[in-house]
Amino acid sequence: MSDNRLSVFKTYKLYVGGKFPRSESGRVYEVTDSKGKWLANAPQSSRKDARDAVVAARKAFGGWSGATAYNRGQILYRVAEMLEGRKDQFVREVADAEGLSKSKAAAVVDAAIDRWVWYAGWTDKIGQVVGGANPVAGPFFNLSTPEPTGVVTVLAPQKSSFLGLVSVIAPVIATGNTAVVIASADSPLPALSLGEVLATSDLPGGVVNILSGKTAEIAAPLASHQDVNAIDLTGADAALAKELEIAAADNLKRVLRPQPVDEGGTFDWSADPGTRRLTAFLETKTVWHPTGALGASGSSY
């Protein structure tokens, strides 16, 4: 083979509605590693891209939320399988994005894969934890069951390009929501590559949509979008988070604003995630029913 062979550089694209469009604006921006070395050009999403992602997420919501919890768990587990198969690629991208050695990057990718498996196991269990029969006084009973909120905008953490990314996406879709994800502005490449994994993991198109670019520019229209039901502000600094919370109040969105462990906006993604993110974007539906004997038709009276 000739020593003069040119490398084939990877073209990174958005992931919207199960497809891989370039930004409709045609804009890109340079992504560099921790030492300033050029890695790739990433699409710079526009407001139109954000609106397209919401349309795709809403279209996918009915089918995804209506799928059985067991089926969602199978699909999330399949994502972990596909990540395991492409582990070497993600190790390289995480090492470049976070300035880690190969061994430390491998540990991050392993943890991210394990996190997918962990959330896959929760899909058919969270309903039993947060739902159930309620004690009431009178000749009736009621049952409370969790239901997904809807379309969730997720601002991925800026300082953890992969483990943090997985930790904010997986719980949203595990509980039946669909997501519009804004990748880390400085380290978007692992997120954009994740879109390729999701596309080949039996996950229906539109369940997860991944945008890259300037976080504030993309997040502003999503926070005020009337068809977005919730927003996770993990990747927003204090000033941007306040601005987005105000915008989200226009249609009473659920807002998750987790607190970092330090003033620099760092989160400890290696800690036990618990169930907080699973329950953050769930609504509780309570059904009341009279007690009594069942008639021949099977209805109570």
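This is a predicted model: local features need pLDDT of at least 70, side-chain atom pairs count only at pLDDT 80 or more; totals for chains, interfaces and linings use all residues.
The axes of α1, residues 47–66, and α8, residues 215–224, come within 9 Å and cross at roughly 45 degrees, and the crossing is right-handed. On the α1 side the contact is made by Arg-47, Ala-50 and Val-54, while α8 brings Glu-217, Ile-218, Ala-220, Pro-221 and Leu-222. By class, the residues of this contact divide into 6 nonpolar and 2 charged, with no polar residue.

Turning to the open spaces, the second largest pocket holds about 300 Å³. It is lined by 15 residues, of which Phe-267, Asp-268, Trp-269, Pro-273 and Arg-277 are the closest to its centre. The elements that give two or more residues to this lining are α4, residues 102–122, and α10, residues 276–279, and the lining as a whole has 8 nonpolar, 2 polar and 5 charged residues.

What, finally, does a search of the whole structure find in the way of cavities of 30 Å³ or more? It finds 1, and the space in the largest cavity is about 40 Å³. Its lining consists of Val-31, Thr-32, Leu-39, Glu-93, Ala-97, Asp-186, Ser-187, Leu-189 and Pro-190, with β1 (28–32), α3 (87–98) and α7 (189–199) each supplying at least two of the lining residues. Sorted by class, the lining of the largest cavity comprises 5 nonpolar, 2 polar and 2 charged residues.

Note on methods: Residues are numbered from 1 along each chain as its sequence is written. Side-chain values use heavy atoms; hydrogens and water are left out. Axes are lines fitted to C-alpha atoms, for helices over the stretch in contact, and angles run from 0 to 180 degrees between N-to-C directions. Helices (H or I, at least four residues) and strands (E, at least two) are DSSP runs, numbered from the N terminus. A crossing is left-handed if the near helix is turned anticlockwise from the far one by less than a right angle, and right-handed if clockwise. Contact means heavy atoms within 4.5 Å. Ala, Val, Leu, Ile, Met, Phe, Trp, Tyr, Cys and Pro count as nonpolar, Asp, Glu, Lys and Arg as charged, and the others, Gly among them, as polar. On a 1 Å grid over the protein atoms alone, a cavity is a set of points where a 1.4 Å probe fits but cannot get out, and a pocket is an open set with protein on both sides within 12 Å along at least five of seven lines; lining residues have an atom within 4 Å of a point. Grid points are joined across faces, edges and corners, and a volume is the space filled by probe spheres set on the points.
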